Amino acid sequence: MTEDLRARVAARFVDVNGDHPMTSADDEYVDQHFVPLTDLSADPEWVRAEMVAGRVPLPSYLRSDGVEMVPSDLLSLAEEAGGTSELAEWFGRQSWPDEATAAEEWESYLSGQYVCLRSVTPRNIQRKGDLVSAIKTELEQPQPDSRAWVERLHGLVDALESVELPFTDYDRLRFAGPVSRDTYIDQVRAKYPAGQSLPAAVR
């Protein structure tokens, strides 16, 4: 039974993320920020069954040796909701702008792909979205010669970094390009260094 469920979880993971290699550097990163599914306090067989049933998120990564890597707080939202059977309804009530957004975010949550967040909660999902939108708005009318604008921009970037993990190269493969840290943190800091003024706008 264990191998069957592991195989089903792995198949679902590849369906969602594609089949990309994990390097030793990827493994090292994942070991730093995630834990093996078997390290959770819950029965691994039960967790895998809940993943297959679509009641808790898929693993965030499959390490190169096939180990399912998950956030250490993977089950915390289910505990807050009163159980995995209550989680979907609870999640949908968490201050989303409308039902369509709630449903979309629930599917994204179940995919396990919210690897950008240090803790995957509705509040942090919304916080990231708000910060990215605010950074985009600032970059639409850049004012690199304004100290106040540069400081405001860096305040938003710093706040985004406080909720985001660094990412690893595997993420750039499965997401087919730059990740949010690349676009809204690293590139912004490079083009608009704190304490300096640059004439070029971020494009």
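Modeller: The largest cavity has a volume of about 140 Å³. A cavity is a set of points on a 1 Å grid over the protein atoms alone where a 1.4 Å probe fits but cannot get out; grid points are joined across faces, edges and corners, and the volume is the space filled by probe spheres set on the points. This is a predicted model, in which local features need pLDDT of at least 70, side-chain atom pairs count only at pLDDT 80 or more, and totals for chains, interfaces and linings use all residues. Residues are numbered from 1 along each chain as its sequence is written, and side-chain values use heavy atoms, with hydrogens and water left out.

Biologist: New topic. What does α8 pack against?
Modeller: The buried residues of α8 pack against α7 (122–140) and α10 (180–191). Among those buried are Trp149, Leu153 and Leu160; buried means under 20% relative accessible area, exposed over 50%, partly exposed in between (1.4 Å probe, protein chains only). Helices (H or I, at least four residues) and strands (E, at least two) are DSSP runs, numbered from the N terminus.

Biologist: In what order do the strands of the sheet come?
Modeller: The order is β1-β3-β2, in an open sheet with antiparallel pairing. Two strands pair if DSSP finds at least two bridges between them. The edge strands, β1 (35–36) and β2 (61–62), each pair on one side only. Tyr61 has Met69 of β3 as its bridge partner.

Biologist: Is Ser60 buried or exposed?
Modeller: Ser60 counts as buried because its relative accessibility is 4%. Ser60 sits in the loop between α3 (44–52) and β2. Leaving aside neighbours within four places in sequence, its contacts (heavy atoms within 4.5 Å) include Phe13, Met69, Pro71 and Arg174.

Biologist: What about Gly18, where is that found?
Modeller: In the loop between α1 (2–17) and α2 (24–33). Gly18 has 25% relative accessibility, so Gly18 counts as partly exposed. Not counting residues up to four places away in sequence, Gly18 touches Phe13 and Tyr170.

Terms used: 1 Å grid on protein atoms, 1.4 Å probe; cavity = no way out; pocket = protein on both sides within 12 Å on 5 of 7 lines; lining within 4 Å.
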